[in-house]
Amino acid sequence: MAYFGNNPQRGELQELYADLNDLNFEKKKEAVKKVIAYMTVGKDVSELFQSVIKCLEFNDIEMKKLIYLYIVNYSRQKPDDAIMVIQNFRKDVRKSENPLVRALAIRTFGCLRVPKLNEYLIEPLKDCIQDDDPYVRKTAVLCVPKVFEVSPDICPALLEQLQKLLEKESNALVLANLIQSMREIEVVSGKQLINLNQKIIQKLLLAVDECIEWGQIFILDYLATHNPQDSKQAEIIIERTLPRLSHINPTVTFCAVKVILKYLDFLDNGELVKNLCKKVAPSLISLLSWNQPEVQYTILRNISLILQKFPILFENEVKVFFCSFNEPYYIKYEKLDIMVRICDSKNFGQVLNELLIYLNEADPHFVRKTIKSIGKIAITYDKALEKAVSILVEFAKNVQQPTEPVQELLMQMQLIYKKSKQMYKYDESLKIIYSIVDYANEPESKSACAWILGEFGEYIPKSVEKMKEYIDNFQMEDRLVQLQLLTSAVQLYLKYPSQCATIIQQLITSAKDSFNPDVRDRTYIYWRLLSTDPEVVKNLVCFNSGVVSNFSKDLRLWETQDLVLALENMGSISNLFHKLPHQLYKNIKIKINNQHDVKIYKGEEKPDTQPQPQAQNQQDGSNQNNKKDQQQQQDIDLLSFDEPPSNININNNNNNKTDVFELI
């Protein structure tokens with residue numbers, strides 16, 4: 001270490017040159033150490049290249065390691081001089097009796113990364129792949145992907161030799177590294193190189209028990225991408241993988257989980273699938289007990305993906321994902337997402353009670369995400385609607401300033417009202433929510449307030465005056481808010497035609513010359529319709545399609561085939577970002593998975609009553625015939641409220657046509 005602290009003086013390279021050419025072995029060795037020390041701190045010692053490589057004639061393994069390190073560092077700068085080293089490499093590979101020297105030589109040769117040198121490497125590499133010592137074979141196998149990346153044209157013979165080695169290799173260490181090397185080549189080339197048969201699969205399963213942890217990870221990781229021939233083969237692989245679920249290394253455990261979840265699709269026995277899910281869930285939960293938050297975050301991100309395909313996996317373990325007060329917020333955010341995915345019609349009360357506690361957190365971002373989670377549960381499960389609304393209304397009573405949670409609260413209440421209009425009566429929610437609309441300062445929350453004002457204007461006192469305040473600042477609002485104000489103002493005009501005539505005139509005057517084409521086009525559409533047939537406008541802006549009452553309970557973010565590919569890459573960096581590997585890395589070529597029978601394992605829920613296919617075909621004709629009648633009846637019922645104020649004229653007369661036209 002003394003070399004690192006002294007700056008080389010003038011003429012010191014000449015002294016090193018003299019020592020490297022000295023006949024004394026100890027002086028040569030000391031000079032090589034100094035050269036490596038200077039190279040490590042950034043000193044350019046490439047001028048000594050010829051003198052350094054001459055020291056390879058000695059059989060001292062320590063000196064060889066240092067010289068090989070020097071050669072790897074400067075071979076790209078002096079490729080012509082590096083060719084002179086090839087004969088020494090071949091000599092070490094073929095004539096050295098020490099397997100460590102042979103492995104060191106072939107590993108260094110593979111690290112040169114100089115295309116013109118790779119053609120000299122093929123023959124020594126073939127010899128090392130067939131070497132008697134497993135350590136040399138392992139090193140040679142790992143060298144092949146490095147050569148393939150630089151010079152793929154000269155590697156076909158090596159790839160054939162790797163496949164032959166895969167069929168006859170019995171050493172677990174070599175087998176694991178061989179699988180990993182061939183997988184790396186597959187990623188670069190985009191072609192399938194590994195051809196598995198029953199014999200090779202049996203060897204891989206035996207090697208899992210004999211390998212070190214990294215070897216187990218390599219083999220299990222590859223098995224997770226393999227499609228078994230039948231259900232029996234899938235059961236055998238799962239049976240041999242189950243002991244790894246209790247491994248002390250979390251990566252090995254996670255790879256075992258990945259293999260088991262992959263092969264569940266190929267099992268014919270439904271009872272066996274349920275039992276395996278019960279065994280997999282405790283293993284994943286045990287990984288969350290690690291004290292390192294980074295490990296917990298990795299597990300949680302992957303659990304979020306697993307739940308998209310296996311919602312039943314943690315249906316009885318929702319308490320595991322409750323947040324602790326001392327956890328980092330990035331852990332809490334993931335747990336919130338998972339709680340929403342696990343929540344069902346049985347445990348929604350337990351989840352909502354836990355989320356109620358989180359509303360008292362100090363971090364506004366976390367509170368906002370909590371409110372969003374409550375809204376998701378409310379619009380997904382009808383039974384949870386009233387309890388969720390009561391929680392949000394109670395939170396709204398304590399609002400005193402325009403914080404982030406308030407913006408999310410207004411947006412979620414808009415979604416809840418879209419799902420069930422009658423919720424405006426529950427616990428005086430509309431009155432309380434309207435009292436905090438002045439705190440809206442984001443485009444989405446302002447748009448939600450404008451929607452509430454237009455949808456429930458007849459139940460809100462002084463709704464026309466409030467709309468006028470919005471329209472006075474119309475030009476300064478965001479496009480999203482402007483579009484919603486146009487629709488809401490027209491809704492109010494249909495309910496209060498006489499009081500809103502001036503407002504409509506002001507709004508259309510401000511919006512018809514807008515620079516935004518969406519706002520301008522919508523303005524002209526409403527203007528033309530109001531001037532010709534207000535009844536059409538009523539059917540347009542006050543029409544409730546009924547689709548909002550059937551929110552999807554499928555919380556998957558990806559298509560099924562993409563989800564299968566993501567689960568095959570569980571534990572990788574791409575899954576931390578919830579992206580596919582080829583989306584994160586440009587040079588990766590993904591092998592298309594030909595698995596057709598992909599299943600989604602949902603919990604036992606009562607299916608909605610649906611007609612049988614034959615009956616449904618018979619009903620399609622009658623539904624189409626009655627569609628117009630139902631639509632007309634629905635249009636009539638849309639504006640009939642339980643408690644409409646007496647001064648509202650719902651049935652607009654034909655005079656409204658000329659009034660609007662003359663105003664503009």
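Reader: Lys126 and Glu123 are how many residues apart in helix α10?

Author: They are 3 residues apart in helix α10 (residues 122–129), which means about one helical turn separates them. Helices here are DSSP runs of H or I with at least four residues, while strands are runs of E with at least two, and both are numbered from the N terminus. This is a predicted model, where local features need pLDDT of at least 70 and side-chain atom pairs count only at pLDDT 80 or more, while totals for chains, interfaces and linings use all residues. Residues are numbered from 1 along each chain as its sequence is written, and side-chain values use heavy atoms, with hydrogens and water left out.

Reader: What do Lys126 and Glu123 form?

Author: The general idea is that side chains of opposite charge can pair when their charged atoms come close. Lys126 and Glu123 form a salt bridge, with their closest N and O atoms 3.9 Å apart. The term stands for a side-chain nitrogen of Lys or Arg within 4 Å of a carboxyl oxygen of Asp or Glu. There are 27 salt bridges in the structure.

Reader: Which residue forms a salt bridge with Arg301?

Author: That is Glu334, and the closest N and O atoms are 2.8 Å apart. This pair links distant parts of the chain: Arg301 sits in helix α19 (residues 293–309) and Glu334 in helix α20 (residues 329–342), 33 residues apart. Both Arg301 and Glu334 are buried.

Reader: What about helix α27: which residues are separated by about one helical turn there?

Author: Lys466 and Glu469, because they are 3 residues apart in that helix. Their side chains meet in a salt bridge at 3.4 Å, N to O. Lys466 is buried at 9% relative accessibility, whereas Glu469 is partly exposed at 47%.

Reader: Which residues are linked in a network of salt bridges?

Author: Arg368, Glu404, Glu408 and Glu442 are linked in such a network.

Reader: Where does Glu458 lie, and what does its side chain contact?

Author: Glu458 lies in the loop between α26 (443–455) and α27 (463–472), and is buried at 5% relative accessibility. Its side chain makes a polar contact with the side chain of Lys495 at 2.9 Å. A polar contact is a pair of N or O atoms within 3.5 Å; within protein, one must be able to donate a hydrogen and the other to accept it, and residues adjacent in sequence count only if both atoms are side-chain atoms.

Reader: What is the phi of Lys462 near?

Author: As background, most residues other than glycine have a negative phi. Phi of Lys462 is near 55°, a positive value in a residue other than glycine. Lys462 is in the loop between α26 and α27 and is exposed, with a relative accessible area of 65%.

Reader: And where is His578?

Author: His578 is in the loop between α33 (573–576) and α34 (581–584). Its phi is near 55°, again a positive value in a residue other than glycine, and His578 is buried at 16% relative accessible area.

Key
Buried < 20%, exposed > 50% of the residue type's maximum accessible area, 1.4 Å probe, protein only.
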